[in-house]
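Hi there,

Here is the structure I promised to pass on. Have a look at it first, and then read on for what turned up in it.

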Amino acid sequence: MENYSENCAYGDDEEEVHPDQVRHEAEMDKRNELIERVADLDFTQQEIADIVELDRSIVSRILNGD
């Protein structure tokens with residue numbers, strides 16, 4: 001039964017949950033949300049890129065949903 005509850009919560013045994021990966025994805029989601037909010041304030045993509053220390057092309061891809 002213990003194994004069953006773990007599988008229901010996190011997927012099957014083959015799919016391991018890595019805390020560092022989860023943390024990284026959460027940070028990226030938060031960063032992308034910040035980029036979208038700042039873009040709504042009429043900052044240029046280059047200004048946003050400078051703020052978050054990314055290349056402007058990456059900011060562009062985030063804003064375009066690529």
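Arg23 counts as partly exposed, at 46% relative accessibility; here buried means under 20% relative accessible area, exposed over 50%, and partly exposed in between, with a 1.4 Å probe and protein chains only. The side chain of Arg23 meets that of Asp20 in a salt bridge, at 2.8 Å from N to O. By salt bridge I mean a side-chain nitrogen of Lys or Arg within 4 Å of a carboxyl oxygen of Asp or Glu. Asp20 is exposed, with a relative accessible area of 57%. A search of the whole structure finds one salt bridge.

Before going further, please keep in mind that this is a predicted model: local features need pLDDT of at least 70, side-chain atom pairs count only at pLDDT 80 or more, and totals for chains, interfaces and linings use all residues. Residues are numbered from 1 along each chain as its sequence is written, and side-chain values use heavy atoms, leaving out hydrogens and water.

Now the overall layout. The chain has four helices and zero strands, so from the N terminus on its elements read α-α-α-α; helices (H or I, at least four residues) and strands (E, at least two) are DSSP runs, numbered from the N terminus. Of the 66 residues, 14% count as buried. The accessible surface comes to about 5600 Å², and 47% of that belongs to carbon and sulfur atoms; these areas come from the Shrake-Rupley method with a 1.4 Å probe, and for residues only the protein chains shown count as cover.

What makes up the largest nonpolar core? Seven residues do: Ile35, Val38, Ile48, Ala49, Val52, Val59 and Ile62. Helix 2 (19–39), helix 3 (45–52) and helix 4 (56–63) each supply at least two residues of this core, and the largest share, three residues, comes from helix 3. A nonpolar core is a set of buried Ala, Val, Leu, Ile, Met, Phe, Trp, Tyr and Cys residues joined through side-chain atoms within 4.5 Å.

Glu53 follows helix 3 and has a positive phi, near 60°.

In helix 4, Val59, Ser60 and Ile62 are buried. Their arc is 160° seen down the axis of helix 4, so they too line one face of the helix. They pack against helix 2 and helix 3. Not counting residues up to four places away in sequence, Ile62 touches Arg31, Asn32, Ile35, Glu36 and Leu54, where contact means heavy atoms within 4.5 Å. Just after helix 4, Gly65 takes a positive phi of about 75°.

Leu41, Phe43 and Ile51 make a nonpolar surface patch of about 310 Å². Patches like this use residues with over 30% relative accessible area and no salt bridge, with nonpolar side chains (Val, Leu, Ile, Met, Phe, Trp, Tyr) joined within 5 Å and like charges within 9 Å. Leu41 lies in the loop between helix 2 and helix 3 and is exposed, with a relative accessible area of 60%.

Best wishes

Key. The arc is that of the directions from the helix axis to the C-beta atoms.
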